[in-house]
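Below are my notes on the model, as numbered points. Please read them with the structure open.

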Amino acid sequence: MHPLVQKLGRALGANDRSPTVLVRKVARNATALVRATVVLRELDHVGARARGFGGAHVVNAGVIAAGDDLTFGGRFGVVGLASGAGATLMLGDRVTINYGSFLSAVREVVIDDDVMVGPYCIITDGDGPVATDDARPIYIGPNVWLAARVVVRPGARIGAGAVISAGSVVEGDIPANAVASGCPARVLRIHEGDHGRGDTESGKTRSPVARIRRR
Amino acid sequence: MSSAELVRRFIGSWVASRKLRSCDVIGRGSRVLGTPYVENLGRIEIGMDFEIDALPVASHLVTGVKGTIRIGDRVKVAHGVAMCSHVSIDIGDDTSFGPFAIVLDADFHGVRARGAPADPRPVRIGRHVHIGAGTIVLRGAVIGDDVTVAPNSVVSRWIPSGVRVAGVPAKLVRGLELVRR
């Protein structure tokens, strides 16, 4: 194989020993770029290089905006993005949403840069499809990792770099760099925030989240 | 058994073996509903009378380059089940999985450093185990024989044989008196 092709394959995370895998990865990423533009056409703003590895179901009655390098799965369960009338759903740069997750805003949901949302997560700021009195905004800080099947309840605020383990239900505040688990999620420990992913200096990014914060 | 039933079974088994053809070993008498997603860069071995559903949501079996999934005889897998292996997932005979169960032997990336490679640990599930709907079995989990895991639990540690566990993380709810040996 040509060394340049190998290099491209490695950049895309392929196993360079097998040409079929490499070709498949490249093809999938290319399809994902095209698919995302079609699937996310209802969004008010989508940054550059959005990739979708499966379907997404978008119901946009308010505002939904996403930053650059959004990645979402959907091969095994469609990703849902919903905003009610007058509600805002904001996704920062380099956000990753895995298959089957559902993100819904009836007031305001802000998901900051580099957040990773695992499969079948549910993030809703209200208990129904319309804004009620108990609807409270959700903020998920930069570099947060929500593992599989995490439920984020109305009013939750998750600090930067926090890790929410699989199957947890998050209510209230989770401090920065915490490792939390259980339902409701309790802090197990605080890790030293060393994430090797991107620059999260809010002033430097051009994401909608950063723009909102500056206002 | 009527001859029509025999023919139906034969055809079903042939269809299943076609749909699971990416697996390295597949036993006789398998049955599929819908088309499960199989991505096999490592090794997948499946025993006899394997049943897997992929409707309404596809189940998937995925192995990385060094991953192995070994499934025993008469295992039943409901729809939406995810199994992803970076080292090894061993599943004993007569085990069944409820809908949307997830079995992972790696976290896909470091906990602190998200760019760092994952640290996989093998998962072992014994015989006659029932994994409830929506249960997540995480890396390093070792489940004994005759265990019932209640729906929506999270299992990440060792669970002895013959008990029932539930919760996040899964705790014993019944069966200390049933523990064999």
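1. Chain B has an average pLDDT of 90, and 96% of its residues score at least 70. Here pLDDT is the predictor's confidence in each residue, on a scale from 0 to 100. For chain A the average is 83, with 81% of the residues scoring at least 70. The model as a whole has an ipTM of 0.86 and a pTM of 0.84.

2. On conventions: residues are numbered from 1 along each chain as its sequence is written, while chains are lettered from A and ligands numbered from 1 in the order in which they are written. This is a predicted model, in which local features need pLDDT of at least 70 and side-chain atom pairs count only at pLDDT 80 or more, whereas totals for chains, interfaces and linings use all residues.

3. One stretch of chain A calls for caution. Over residues 196-206 of chain A pLDDT stays under 50. Two residues are in contact if their C-beta atoms, placed from the backbone, lie within 7 Å.

4. Chain A contains three helices and 21 strands. These elements are DSSP runs numbered from the N terminus: helices are H or I with at least four residues, and strands are E with at least two. Of the 215 residues in chain A, 49% are buried. Buried is used for a residue with 20 or more other C-beta atoms within 10 Å of its own, exposed for one with 12 or fewer, and partly exposed for anything in between, the C-beta atoms being placed from the backbone. Among contacts in chain A with a separation of 6 or more, 31% join residues 24 or more positions apart.

5. Between the chains, 24 residues of chain A are in contact with 23 residues of chain B.

6. Chain A is divided into domain 1 (1-39) and domain 2 (44-214), with bounds that come from an automatic or database domain assignment. Seven residues from domain 1 of chain A and seven residues from domain 2 of chain A take part in the contact between them. On the domain 1 side, four of these residues are nonpolar, one is polar and two are charged.

7. Helix H2 of chain A (residues 19-39) has 21 residues and spans 29 Å from its first C-alpha to its last, close to the expected 30 Å. The expected span is 1.5 Å times one less than the number of residues. Which residues of H2(A) are buried? They are Leu22(A), Ala32(A), Arg35(A), Ala36(A) and Val39(A). These residues lie on the same side of H2(A) because they cover an arc of only 160° around the axis, the arc being that of the directions from the helix axis to the C-beta atoms. Thr20(A), Ala27(A), Ala30(A), Val34(A), Thr37(A) and Val38(A), on the other side of H2(A), are exposed.

8. Helix H1 of chain B (residues 3-19) reaches 24 Å over its 17 residues, close to the 24 Å expected. One of the 17 residues of H1(B) is buried, so the helix lies largely in the open.

9. Gly126(B) sits in the loop between strand E13 (123-125) and strand E14 (130-131) of chain B. Gly126(B) counts as buried because it has 22 C-beta neighbours inside 10 Å. Leaving aside residues up to four places away in sequence, Gly126(B) touches Gly92(B), Ile143(B), Gly144(B), Asp145(B), Val147(B) and Ser161(B). Ile143(B) is 17 residues from Gly126(B) along the chain, and their C-alpha atoms are separated by 5.8 Å.

10. Some backbone geometry deserves a check. Most residues other than glycine have a negative phi, and most peptide bonds are trans. The bond from Cys183(A) to Pro184(A) is cis, with omega near -5°, and Val168(B) and Pro169(B) are also joined by a cis peptide bond, with omega about -10°. Asp114(A), which is not a glycine, has a positive phi of about 60° and is buried, with 26 other C-beta atoms within 10 Å. Arg149(A), not a glycine either, has a positive phi of about 55° and is buried, with 24 other C-beta atoms within 10 Å.

Key: Nonpolar A, V, L, I, M, F, W, Y, C, P; charged D, E, K, R; others polar.
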